[in-house]
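Dear colleague,

Please find below the sequence and the structure that I am handing over to you. A summary of what was found follows.

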Amino acid sequence: MSTAPLFHLAFPVVDLEATEHWYVQGLGCRRGRRSAEALVLELGGHQLVAHLEPGGPQHQTGIYPRHFGLVFASAEELMALEQRAHARGLRLGGAPRLRFAGTALEHRSLFLIDPSGNWLEFKHYSNPEAITGLEDHHLVGEVRPDHSHSGEAQKSTGM
Ligand SMILES: [Fe+2]
């Protein structure tokens, strides 16, 4: 096991059985402990804990405000997951696409939606520095029309 710290995320689900099936058989996660209320999953070496939440996740119709997933080091890993998602019939959040093509932020992105309505993103950046660097850039994600009051979003549209 690597000595690097592992990321941990707890997230809400409405059905543990469906969650286990989707994440383990579907996505390929390793299953950890399970109780009547929660299920531990390993995603890319990190720890997810799905917690039963009667109300489920807030209804989210797009990629924002919340999603989680993995940034792959290679395009091949992302392509393999795309193929797996198609083969297992996992629900896509739109077609996989190349975002910000031709820019320093170029990345291929795949969104999936789990049985509880949680959005997951898997991606690969052409320029690894874009993952957590490029601090002088002012564009992060999609510009949201419903957030037009945001000065940063407005300024970033021309980039
Ligand atoms: Fe994202």
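Two strands are taken as paired if DSSP finds at least two bridges between them; strands (E, at least two residues) and helices (H or I, at least four) are DSSP runs, numbered from the N terminus. This is a predicted model, in which local features need pLDDT of at least 70 and side-chain atom pairs count only at pLDDT 80 or more, while totals for chains, interfaces and linings use all residues. Residues are numbered from 1 along each chain as its sequence is written.

On that basis, strand β3 (residues 38-43) and strand β4 (residues 46-52) pair in the antiparallel sense over six bridges, with Leu39 opposite Ala50 in β4. The two strands form a hairpin with two residues between them, and Gly44 in the turn has a positive phi of about 60 degrees. Strand β4 also pairs with β1, in the parallel sense and over six bridges; there, Pro12 has His51 in β4 as its bridge partner.

These strands belong to an open sheet of four, with the order β1-β4-β3-β2 and mixed pairing. Because β1 (8-13) and β2 (30-34) stand at the edges with a single partner strand each, one side of each is left without a neighbour in the sheet. Neighbouring strands of this sheet are turned by 25 degrees against each other on average, direction ignored. Axes here are lines fitted to C-alpha atoms, for helices over the stretch in contact, and angles run from 0 to 180 degrees between N-to-C directions. Helix α1 (residues 16-27) lies across β1, β2, β3 and β4, and runs at about 10 degrees to β3. Contact means that the C-beta atoms of two residues, placed from the backbone, lie within 7 Å.

A nonpolar core is a set of buried Ala, Val, Leu, Ile, Met, Phe, Trp, Tyr and Cys residues joined through C-beta atoms within 7 Å. A residue is buried if 20 or more other C-beta atoms lie within 10 Å of its own, exposed if 12 or fewer, and partly exposed in between, with C-beta atoms placed from the backbone. The largest such core has 10 residues, among them Phe72, Leu110 and Trp119. Elements giving two or more residues to this core are α2 (75-88), β7 (107-113) and β8 (119-125). A second, separate core of seven residues includes Val13, Tyr23, Leu41 and Leu48.

Pro96 is found in the loop between α2 and β6 (97-99), and counts as partly exposed because it has 19 C-beta neighbours inside 10 Å.

With kind regards
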